[in-house]
Amino acid sequence: MSLLNDLFDRPLDEGYALAAARRERSGGDDRTGSSWLLLIGLLGVALVFTVAATQARRTAGVLSAERESLMSRITERDARTEELESQIAAMQDELSAIESAQLARTAEGATLQEELEDMQAAAGAGAVAGPGIVVTVEDAPSEAPTTEDGAVDYGRVLDVDLQRVVNGLWAAGAEAVAVNGQRVTGLTAIRSANDVVLVNYRPLRPPYEVVALGDPRTLPSRFVDGPGGTWLQAISGAHDIRFDIRSEEELTVPASGGSTLRHAVPEGSS
Amino acid sequence: MIPAIGLLLGILAGLLIDVEIPLSLQPYLPIAVVAALDAVFGGLRALLDGIFDDKVFVVSFVANVLIAAFIVFLGDQLGVGAQLSTAVIVVLGIRLFTNVAAIRRHIFNA
């Protein structure tokens, strides 16, 4: 502790006291004024401060420029992805048009065509339209209590909540489901990465609109009374999460982008 | 008069030279700033105490900056650079606060 005590007791450079004592002894020669030495010293001080300030500003500029360039790259890639997805959709449309034209030639083909359309609707490979319900789930208003460190933000809609809503819709008899325009198929994952909910590995932004097609008479009540509705009631009561369920006569659910057929191949046949 | 000219020249030089500090020297800049601050407030207190000496001021400034930078450099070489810069900041910070408190007492009598 003596070191720290020493530090507190004598913060001033001892040189000053020594120099003063020396002057006292030699008598007179009061050098408390200004000299060229002082000029050089203060020049050095000012130089250090200015260089540090300019350096700090430059570093901040570089950092924000890097951030900007990263952000612009992200938006660029996002736009590219969207463009490619719309290309895929257009090509799939073309493909199915050719397919149906070929199948429509024969009676056998026509029945096959109907069967194919049913299967595509079920598998999510084709867009479907019809009556259904829209469940809108939104984060709690910003005044809702949130933890300070942001580790667990209870006012947020989590991937688990959306999973329960979607599963509740299936249980209530929904025939096709989409979240914010992302078709939910048997291969869809609803998960979160860094507080962002991903559906089909695409990041979504709240509010989440879950569109479900199904029997307009039974679907709403079965959903509200089922596990999905119960869960929504629970989280809206506990965490202020807002939700809304409305029926609509005419809804469309888009096709899922790019469903690949995966199948096993016997060994040695390839 | 001369101190003001010195400060002005220093600021102008810093703005005009506009050197890019090499990346390897950048960690020493904050240390140099704190060491310079310590020298400045020490000098100011000595001035108010009536024992200011320009030679002591200049030597203590240069020595403070160099020694602080050297300690941090040594720490970097030994792999404890961050801890040693903390030590330097703590020691100089304590001196700064006590000196500023003394200056405050001189000026405001409180």
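In this predicted model, Ile31(B) touches Ala68(B), Ala69(B), Val72(B), Ser85(B) and Val88(B), when residues up to four places away in sequence are not counted. Ile31(B) also belongs, together with Ala32(B), Ala35(B) and Ala36(B), to the residues with the most contacts inside the largest nonpolar core, which has 34 residues. At least two residues of this core are supplied by each of α2 (14-26) and α3 (36-103) of chain A, and likewise by each of α2 (28-49), α3 (54-78) and α4 (81-108) of chain B. The largest share, 11 residues, comes from α2(B). In soluble globular proteins, nonpolar side chains tend to be buried together.

Chain A also contributes an open sheet, in which five strands follow the order β3-β2-β7-β1-β8 with antiparallel pairing. Because β3 (182-184) and β8 (242-253) of chain A stand at the edges and have a single partner strand each, one side of each is left without a neighbour in the sheet. On average, and with direction ignored, neighbouring strands of this sheet are turned by 25 degrees against each other.

Helix α4 of chain A (residues 107-123) has 17 residues, and the 24 Å from its first C-alpha to its last is close to the 24 Å expected at 1.5 Å a residue. After α4(A) comes Gly124(A), whose phi is positive, near 85 degrees.

How values were computed: Residues numbered from 1 in each chain as written. Chains lettered and ligands numbered in written order. Predicted model: local features only at pLDDT ≥ 70, side-chain atom pairs only at ≥ 80, totals over all residues. Pairing = 2+ DSSP bridges. Helix = DSSP H or I, 4+ residues; strand = E, 2+ residues; numbered from the N terminus. Axes fitted to C-alpha atoms, helices over the stretch in contact; angles between N-to-C directions. Expected span 1.5 Å × (residues − 1). Core = buried A, V, L, I, M, F, W, Y, C linked by C-beta atoms within 7 Å. Buried ≥ 20, exposed ≤ 12 C-beta atoms within 10 Å, placed from the backbone. Contact = placed C-beta atoms within 7 Å.
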